[in-house]
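Colleague: I have not looked at this one before. Can you take me through it piece by piece?

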Amino acid sequence: MRLLSIQELPQSGRVKLVFDDETALKTQPYLLADFGLYSGMELSEEDYQALLAAAGKASARARAVRIVAAAGVSERELQKRLVQKGEEAADAKEAVGWLKELHLLDDGETARQLAASAAAKGYGKSRIKNILYEKGIPREFWDDALADLPEMDDAIDRFLARRWQGKDPDDKEVKRTVDALIRRGHSWKDIQTGLRRYRADLELEENTEDYIP
């Protein structure tokens with residue numbers, strides 16, 4: 001197997017290796033030094049397969065770094081997304097382990113970040129738990145993440161103030177507002193307390209079928 005040319009790909013920061021069997025491989029520039037690659041070089045089948053394996057690992061690592069840098073992800077979600085993007089399962093698993101060794105991937109810290117972000121949007125604990133589940137955060141990290149959150153009072157008060165703007169809502173509007181808060185993950189108890197803070201005599205009779213999340 002002969003390496004015909006090495007082409008720089010400035011926009012992606014990678015290089016393109018073109019071989020005499022008309023195949024091409026896009027990979028990270030540091031592999032040029034690792035394998036001592038140069039145009040016209042003859043590679044044995046063993047060396048070529050080793051290069052392919054290293055390129056796969058490098059691709060998964062680079063993509064993993066981009067994903068983690070863009071948003072908080074769990075180990076499970078990152079591995080899943082890497083495979084969905086076309087990386088080999090073994091390379092995806094290795095990239096996750098590599099980031100963990102570098103302390104750049106921590107499910108506990110990711111859980112806290114996701115919970116804090118969701119709470120800042122006004123979501124209640126039930127909705128936050130759903131987010132942690134959907135993001136693949138192991139159950140063992142949930143309690144600590146939720147324990148760091150402030151009480152839900154401010155979020156409910158802000159929601160009521162924004163929705164009603166100081167007006168006295170009728171029963172239908174109260175019902176619609178309670179439904180909205182339930183969907184946002186707040187508990188019936190917290191919502192009832194919030195209604196009374198808005199107006200002392202304002203509350204809605206509980207229907208357990210409708211309001212328990």
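Colleague: Which residues of β3 are on the covered face, and which on the uncovered one?
Modeller: Leu25 and Thr27 are on the covered face of β3, while Ala24 and Lys26 are on the uncovered one. Helices (H or I, at least four residues) and strands (E, at least two) are DSSP runs, numbered from the N terminus. In a regular strand the side chains alternate between the two faces of the sheet.

Colleague: Before we go on, what sort of model is this?
Modeller: This is a predicted model, where local features need pLDDT of at least 70, side-chain atom pairs count only at pLDDT 80 or more, and totals for chains, interfaces and linings use all residues. Residues are numbered from 1 along each chain as its sequence is written, and side-chain values use heavy atoms, with hydrogens and water left out.

Colleague: How many bridges join β2 to β3?
Modeller: Four, and the two strands run antiparallel. Strands pair if DSSP finds at least two bridges between them. Val18 stands opposite Ala24 in β3. β2 and β3 form a hairpin with four residues between them, and Glu22 in that turn has a positive phi of about 75°.

Colleague: And what about β1 and β2, how many bridges there?
Modeller: Strand β1 (residues 3–9) pairs with β2 over six bridges, in the antiparallel sense. Glu8 has Val15 in β2 as its bridge partner. The hairpin of β1 and β2 has four residues between the strands, and Gly13 takes a positive phi near 75° in it.

Colleague: Switching to rings. How many aromatic pairs does a search of the whole structure find?
Modeller: Two. Rings of Phe, Tyr and Trp (its six-membered ring) pair if their centres lie within 6.5 Å; planes under 30 degrees apart count as stacked, over 60 as edge-to-face and the rest as tilted. The rings of Phe19 and Tyr48 have centres 5.2 Å apart and planes at 80°, so this pair is edge-to-face.

Colleague: Where do Phe19 and Tyr48 lie?
Modeller: Phe19 is in strand β2 (residues 14–19) and Tyr48 in helix α2 (residues 45–70), so the pair ties together parts 29 residues apart in sequence.

Colleague: Is Phe19 buried or exposed?
Modeller: Phe19 counts as buried, at 2% relative accessibility, and Tyr48 counts as buried at 11%. Buried means under 20% relative accessible area, exposed over 50%, partly exposed in between (1.4 Å probe, protein chains only).

Colleague: What about Trp164 and Tyr198?
Modeller: Their ring centres are 5.0 Å apart and the planes are at 75°, so that pair is edge-to-face. Trp164 is in helix α8 (residues 153–164) and Tyr198 in helix α10 (residues 188–198), 34 residues apart. Trp164 counts as buried at 4% relative accessibility, whereas Tyr198 is partly exposed at 24%.

Colleague: Pockets next. How much space lies in the largest pocket?
Modeller: About 170 Å³. On a 1 Å grid over the protein atoms alone, a pocket is an open set of points where a 1.4 Å probe fits, with protein on both sides within 12 Å along at least five of seven lines; lining residues have an atom within 4 Å of a point. Grid points are joined across faces, edges and corners, and a volume is the space filled by probe spheres set on the points.

Colleague: Which element gives the most to the lining of the largest pocket?
Modeller: α2, with six residues. The lining residues include Ser12, Lys26, Ala58 and Glu87.
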